[in-house]
Amino acid sequence: MIPKQTVNMTDVAQHSGVSIASVSRALRGAPGVSPTTRDRILSAARELSYVVSPEASRLSGGLTGRVGVVVPRVDAWFFSTILAGIADEFDTVGLDLVLCTVPDSTTRHRFFEALPLRRKVDAMVVCSLPLTAREHTRLEQVGVPTVFVGGHRPDDDRSWVGIDDELAARQAVGHLVRIGHRDIAMIQAADDADIPWATDQARIRGFHRQIADAGLADPTVVTVKWSIDGGSRGMEMLLSRPRLPTAVFCHSDEIALGALRTLRKAGVSVPQHVSVIGVDDHPSADLSDLTTVAQPVREQGRIAARDVLHRLTGESSVSGPSVTPPWTTLPTRLVIRGSTAPPR
């Protein structure tokens, strides 16, 4: 039989008159707690005979010290960078990150039916994952605060942080229009998932609305998987057309990098014969001299983590201010490099 733990971190926090986050920092010797407060917390821990044990704390009904993070995959720059931002904040207060990936329909179905995070975490962060109504209901049944990053912004009071993907597309296409392009194609992303990805749909809307606002003719559009190889195939499709557009908007920098690879192999000069622009500001964009619309990916993860801390403890980490729920929309910015120029 497991002996009942009578003291947890919440007890130490109440006895000391401070937050749980402050107790966690003090017990780990982390910065952000004054010497006087640290001494008071350590004294309370000794008086209560508190022993640091996340499992024992969970069994006694206290906080587990864990936050679940659900991502479609980790082998993509966007998701790994979001995770890095979350970890930046959790590390400062001693929270553990429990990672769940749902890369395919089978794994996804198993996750939402089994709810493996139930009673194992204090909160969840869901990263850019399109959800059905049932999946939303199942997440609510986990019974912990949930913060969403990227993708569709909720219409209710659920906490969300991300960018305006439609605006990002409009910024990219607007740049091409301003420098004189009138024949602009799009390599758009698609996925095998039953639910359309909100990011893809928003960037499609932004592209077409900017094209319409500029009074341009119906553009050429090809659809590929969201990957560098997908971008290569998309540009191959455009090259097979009777006429190459003077500019190409790509849904992401990864797609744009693939497009540039195909153009280079085909001997088509960029930007002399065709301009290429993406979205994200992937680390390889600078190396490839790719014009793009940058989004603060790591900061999205950091703000989501701060929101989690705010919901759990009433205060944020020491590295930044708490956020005001429910929505935080971060700005995007045009980064002009050598892959775009006026048409000849």
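Tutor: A residue is called buried under 20% relative accessible area, exposed over 50%, and partly exposed in between, with a 1.4 Å probe and protein chains only. Helices (H or I, at least four residues) and strands (E, at least two) are DSSP runs, numbered from the N terminus. The model is predicted: local features need pLDDT of at least 70, side-chain atom pairs count only at pLDDT 80 or more, and totals for chains, interfaces and linings use all residues. Residues are numbered from 1 along each chain as its sequence is written, and side-chain values use heavy atoms, without hydrogens and water.

Helix α5 covers residues 77-93. Its expected span is 1.5 Å times one less than its number of residues; the 17 residues should therefore span 24 Å, which agrees with the 25 Å between the end C-alpha atoms. The helix is mostly covered, with 12 of its 17 residues buried; among them are W77, F78, F79, F90 and V93. Just after α5, G94 adopts a positive phi of about 80°.

The sheet comes next. Six strands form an open, mixed sheet in the order β7-β6-β8-β9-β10-β12, where two strands pair if DSSP finds at least two bridges between them. Because β7 (221-225) and β12 (333-335) stand at the edges with a single partner strand each, one side of each is left without a neighbour in the sheet. Strand β10 (residues 291-294) runs antiparallel to β12 and is joined to it by three bridges; A294 has R333 of β12 as its bridge partner.
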